[in-house]
Every structure is written in C-alpha cells, then in structure tokens.
Amino acid sequence: MSLVTLLPFIVLIGAMILMTRSAKKKQQQAIEMRNQMQPGSGVRTIGGMYATVKEVNEDTVLLDAGPGVELLFAKNSIGAVLPDDEYNRIVHGIEHDLKSDSDVVPDDASALTGTDGASDAAAASDDKPVDLGKKDAEPSDDTADEAAPKKTDGDTDAK
C-alpha cells in the first residue's frame, strides 16, 4: 500500500483521538466541578432548576429548592455550580454591580430636552400651529364648484 492510500485513514484516526481527548477533558472538568460543591452553593440542574445545596453525599446531592422543599438528585444531574453573585441575580433578582442612578432611563422625555415637563407644556401653547404641508382638497374658487359637483364617499361616476 502506498502512503496516499493510508493518508485518509491516518487523518480519520487522528481526528477521532482529538475528539475523544476533548470529551474526556470536559468530563473531567464536570467531575471536578461536582466535587467542589459545598452546602450553601447555588446550582443549576441539567433540567434547568435553580437550588441551593443542602447536603453532599457520595453519589447524591440534597437540594433546597424553596421553603420546605428538599429534593434528592444524583450528583451527575448538576449542570453547573454557580458563583454567589450570579445565583442571587438569577434567583432573587439581586444586582450587586448596579450603575449610578443618573444612568437610569427616565420615564418621560423631559431629560432629553433639558427642561422640565411644565415649562414644555407652556412653551408648546405659545408656539404657532405647525404646518404639515397638507393642502385643501377642494378648490376655493366659486366657479370651480359649479363646474365640478362635490362627491361624497358613496357617489360614483357610473350611471
């Protein structure tokens, strides 16, 4: 056999070795993460449930999912051990790194103009009416009224 014939097989075997190696690495990281669980840690299960670890055993984990709700899960069903800040943000809605109150978007547009709402209303009443460029559809000339009778929505030319 020549090298050209063996090359596709060598490449295929090399790709398979790389894939199994990365899968083993991910599996090892997951095992380490699950072994680092301690009571009080916030976790997310593979089913998407958020809970607090109450007790860690050899193959199982006792989770506190709410007041009076304790659930026993297999250790390998824990999808992620979350940092305290992230767990509190997701479960309790607590934000630790909020920006200052000045960065909050106002409820009205008064902050965008630099004036308060009361003076804007007074200034709007003193302004001239805005011309939107809409012209009258009817001619103002009396002779044009006699030549073309006015139509209403229900009138048609067909008779």
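Which strands does helix 2 (residues 84–91) lie across? I found that helix 2 lies across strand 1, strand 2 and strand 5, and runs at about 130° to strand 2. Contact here means heavy atoms within 4.5 Å. Axes are lines fitted to C-alpha atoms, for helices over the stretch in contact, and angles between N-to-C directions run from 0 to 180 degrees. Helices (H or I, at least four residues) and strands (E, at least two) are DSSP runs, numbered from the N terminus.

I noted that the model is predicted, with local features needing pLDDT of at least 70 and side-chain atom pairs counting only at pLDDT 80 or more, while totals for chains, interfaces and linings use all residues. Residues are numbered from 1 along each chain as its sequence is written, and side-chain values use heavy atoms, leaving out hydrogens and water.

I looked up the strand order and found an open sheet of 5 strands, 4-3-2-1-5, with antiparallel pairing. The edge strands, strand 4 (69–74) and strand 5 (78–82), each pair on one side only. Two strands pair if DSSP finds at least two bridges between them.

**Pairs and hairpins**

I next followed the individual pairs. Strand 1 (residues 42–45) meets strand 2 (residues 50–56) over 3 antiparallel bridges, and Arg44 has Tyr50 of strand 2 as its bridge partner. Strand 2 and strand 3 (residues 60–66) are antiparallel and joined by 4 bridges; the hairpin between them passes through 3 residues. Thr52 has Asp64 in strand 3 as its bridge partner.

Strand 3 and strand 4 pair over 6 antiparallel bridges, and Leu63 is partnered by Leu71 in strand 4. Their hairpin has 2 residues between the strands, and Gly68 in the turn has a positive phi of about 80°.
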